[in-house]
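Here is a short briefing on one structure. Please look it over before reading the points below.

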Amino acid sequence: MLVYSVRRILATIPILLVASFFVFWLASLSGNPLEPLLLRNPPPPESTIINETNRLYMDQPFLQRYWTWLTGIGGHGDIGLLQGKFGPSVDAAKDLGAEIGDRFMTTLRLISAAMILAVVLAVLAGVISAIRQYSKLDYSLTFIGFLALSMPVFWIGALIKEAGVFINDQTGARIFYTIGATSPDTRSFTTLEKVTDILGHLVLPTLTLMLISFATLSRFQRASMLEVLNSDYVRLARAKGLRNRVVMRRHALRTALIPLTTVSLLVIAGTLDGAVLTETVFQWRGLGVFFADAVRRDDLYAVMAFVMLTGVIVVVFNLIADLLYAVLDPR
């Protein structure tokens, strides 16, 4: 197991290096961070353009610029992915590392809440659907799952947000928070009020992001549970006279959860894509809005920082999924 783990960890290094090159190459083709400056009317002084070109490393050849971005060698001390420095922003006053660190915690709060809720509900829905296969309840849960899969995240978010606004208007009270991750000023709040405020802002975005993951995981859990229920060892356990509850809990469910564990980790990595749109709809200051703003402003190094962070998360969770599968599956 140790040799397998080391081999899988070492295999991620060339994957991330190749990914970093393609991220840099594609981001470089997508836009020029100097374009807003060059299109100003009246145009800025030539010295300003030269200084910005040098500050953003746009005066270097492509391969040299990639090497500088990756290692920091030949930089001004503000760049070097391997050193934890993402590079300069088009906004000279912005520190990309500090900005990403602050926003990552906001996004992590949303993704964690959504995934915990999605996994719990998916297991319940998948098991019930498998046990009561082809019943009205099974058809209803299947319909909900495919409906959530077929709707874009931004549309689900917009519908849920409008529903929250409608309920608030009808009741004359703020039951649901529809904008931001917290209230504008929480300095005067007690600890309990701060926690309540955070949870209140978390409800609707979590519901939006949870529905997408729930739809995928519940269908997977249903299929896995059906496969286990039709296996020989479950039939044998029933033939030996074990109670149905014992068969389900000790034999069927435990085995059916093995593939769901690994799939859940892969889905967690994919929820970052949904978080981009969810945070935009609910105006959260997380990584999603950070990425959308960076794309709009052609902030090259900010875009690459987000994409590389996403790539690292995907690779790491794939690695964890492989290792967990080797641990959980006795085969």
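Predicted model: local features only at pLDDT ≥ 70, side-chain atom pairs only at ≥ 80, totals over all residues.

Residues are numbered from 1 along each chain as its sequence is written, and side-chain values use heavy atoms, with hydrogens and water left out.

**Helix packing**

- Helix H5 (residues 96-131) packs with helix H11 (residues 287-296) at an angle of about 135°. Their axes are 8 Å apart.
- Helices (H or I, at least four residues) and strands (E, at least two) are DSSP runs, numbered from the N terminus.
- Axes are lines fitted to C-alpha atoms, for helices over the stretch in contact, and angles run from 0 to 180 degrees between N-to-C directions.
- H5 and H11 are therefore oblique to each other. Under 35 degrees counts as roughly parallel, over 145 as roughly antiparallel, 65 to 115 as roughly perpendicular, and the rest as oblique.
- H5 contributes Leu96, Glu99, Ile100, Arg103, Phe104 and Thr107 to the contact. H11 contributes Leu287, Gly288, Val289 and Phe290. Contact means heavy atoms within 4.5 Å.
- By class, the contact of H5 with H11 has six nonpolar, two polar and two charged residues. Ala, Val, Leu, Ile, Met, Phe, Trp, Tyr, Cys and Pro count as nonpolar, Asp, Glu, Lys and Arg as charged, and the others, Gly among them, as polar.

**Salt bridges**

- The structure holds seven salt bridges. Each is a side-chain nitrogen of Lys or Arg within 4 Å of a carboxyl oxygen of Asp or Glu.
- Glu99, Arg103 and Arg285 are linked in a network of salt bridges.
- Arg103 pairs with Glu99, with the closest N and O atoms 2.8 Å apart. Both lie in helix H5, four residues apart, about one turn of the helix.
- Glu99 also meets Arg285 in a salt bridge (3.7 Å, N to O). This pair links distant parts of the chain: Glu99 is in helix H5, and Arg285 is in the loop between helix H10 (244-282) and H11, 186 residues apart.
- Arg103 and Glu99 are both buried. Glu99 has 17% relative accessibility, whereas Arg285 is exposed at 53%. Buried means under 20% relative accessible area, exposed over 50%, partly exposed in between (1.4 Å probe, protein chains only).
- Arg235 forms a salt bridge with Asp232, the closest N and O atoms being 3.2 Å apart. Both lie in helix H9 (residues 232-239), three residues apart, about one turn of the helix.
- Arg235 is partly exposed at 46%. Asp232 is exposed at 62%.

**Arg55**

- Arg55 lies in helix H3 (residues 46-55). Its relative accessible area is 18%, so Arg55 is buried.
- Leaving aside neighbours within four places in sequence, Arg55 is in contact with His76, Pro88, Ser89, Val90 and Ala92.
- The Arg55 side chain reaches the backbone oxygen of Ser89 at 2.9 Å. The backbone oxygen of Val90 is reached at 3.4 Å.
- Arg55 and Arg40 are 15 residues apart in sequence and 19 Å apart in space, C-alpha to C-alpha.

**Ser218**

- Ser218 sits in helix H8 (residues 191-229). Ser218 counts as buried, at 4% relative accessibility.
- The Ser218 side chain reaches the backbone oxygen of Ala215 at 3.3 Å.
- Not counting residues up to four places away in sequence, Ser218 touches Ala122, Ala125 and Gly126.

How values were computed
Polar contact = N/O pair within 3.5 Å; in protein donor to acceptor, adjacent residues only side chain to side chain.
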